[in-house]
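Here's a quick briefing for someone who likes to know the cut-offs behind the numbers. Have a look at the sequence and the model first.

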Amino acid sequence: MVQRRGLDSGRYLMKAIVVTDQAAGTAGMTLVGRPEPPAAICDVVVEVHASGFVPTELAWPSTWTDRAGCDRTPSIPGHELAGVVTALGYGTRGLSVGQRVFGLTDWHRDGTLAEYVAVEARNLAPLPGDVDFTVGASLPISGLTAWQGLFQHGRLQAGQSVLAHGAAGAVGSMVTQLAREAGAYVIGTGRAADRQTALDFGAQEFVDLENDALEDVGGVDLVFDVIGGDIGKRSAGLIRAGGTVVSVVGPPEARPADGLAIDFVVESDRAQLGEVVRRVRDERLRTNIGNVATLDDAVAALNPTDRVTGKTIIRIRP
């Protein structure tokens, strides 16, 4: 784009999506000009080529306030990115200008639905040259959430069984594939229309949550819950002795009689990002991208009138 200096900042303006009204949700998103971010200590500035977005971000307190609880609007949402490093902050190590990267940005800072973003270098990993930026931007939250839930918190072992809720979604499809690769037996859940997608991603059975009896699944070693509510509560009763419910939708409302219930918030991890992208390159892991739109069309794309299965990616540059 043609840039011009901001009259009040001395910095160039960039295109960015901002939110100012929590009650408005995604409908309150607007495309505006914002000053390009500077690189603070241990930061890099990344020219964003593609960005991921999770709709629940607009319900997170960190979208609206900083760590001190002060209002930080207008804020730029989006926390997944793939792009190219354009500047290094003082003390930054491990990355270089011109390097292709992907990763997960800090929840309390302006995000990736913009032409440039400043991010701590430790939150990024190298993006191999043969992995498209659109694919790279689809991996951080979904891939890291699945990896950490299965292996760090769920301690999944070969031969165990996994109930993967929302198996046709962005996270659920990653859970299914990684669990299968680890030697687990995977039962996917979702709506009736999601059955074939879940099976295509590797689920060995499928439960239609609207028409099938969840309890007919029997006992499982691990439940990966991305739904919560009544489904989450009923899932606790399916856990075998010593098993685990892992939730990404808040503390489980019910706990297994003889097992663990864990909720967690995904964290950036360079080594784990490397493991995920390595599997993509080896064709052991497929991304689940439902829609790709430009930054100019992002507001409409993030307010769809029809249900989109898979992740929406905003392509910032061609």
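Predicted model: local features only at pLDDT ≥ 70, side-chain atom pairs only at ≥ 80, totals over all residues.

Residues are numbered from 1 along each chain as its sequence is written, and side-chain values use heavy atoms, with hydrogens and water left out.

**Overall fold**
- The protein chain has seven helices and 15 strands; helices (H or I, at least four residues) and strands (E, at least two) are DSSP runs, numbered from the N terminus.
- A compact globule of 318 residues would have a radius of gyration near 20 Å, and the protein chain agrees at 20 Å (taken over C-alpha atoms; the globule rule is 2.2 Å times the number of residues to the power 0.38).
- The C-alpha trace spans about 65 × 40 × 35 Å along its principal axes.
- Of the 318 residues, 52% count as buried, where buried means under 20% relative accessible area (1.4 Å probe, protein chains only).
- Take contacts (heavy atoms within 4.5 Å) between residues at least 6 apart in sequence: 63% of them join residues at least 24 apart.

**Largest pocket**
- The largest pocket has a volume of about 1400 Å³, the volume being the space filled by probe spheres set on grid points that are joined across faces, edges and corners.
- A pocket here is an open set of points on a 1 Å grid over the protein atoms alone, where a 1.4 Å probe fits, with protein on both sides within 12 Å along at least five of seven lines; lining residues have an atom within 4 Å of a point.
- Its lining holds 41 residues, and Val54, Pro55, Thr56, Val171 and Val226 lie nearest the centre.
- α2 (140-153), α3 (170-181) and β15 (311-315) are the elements that give two or more residues to this lining.

**Helix α2**
- α2 is mostly covered, with 11 of its 14 residues buried; among them are Pro140, Trp147 and Leu150.
- Just after α2, arginine 155 takes a positive phi of about 50°.

**Valine 217**
- Valine 217 sits in the loop between β10 (205-208) and β11 (220-225), and counts as buried because its relative accessibility is 18%.
- Leaving aside residues up to four places away in sequence, valine 217 touches Leu163, Ile187, Val207 and Leu238.
- Valine 217 and leucine 163 are 54 residues apart along the chain, with their C-alpha atoms separated by 8.7 Å.

How values were computed
Buried < 20%, exposed > 50% of the residue type's maximum accessible area, 1.4 Å probe, protein only.
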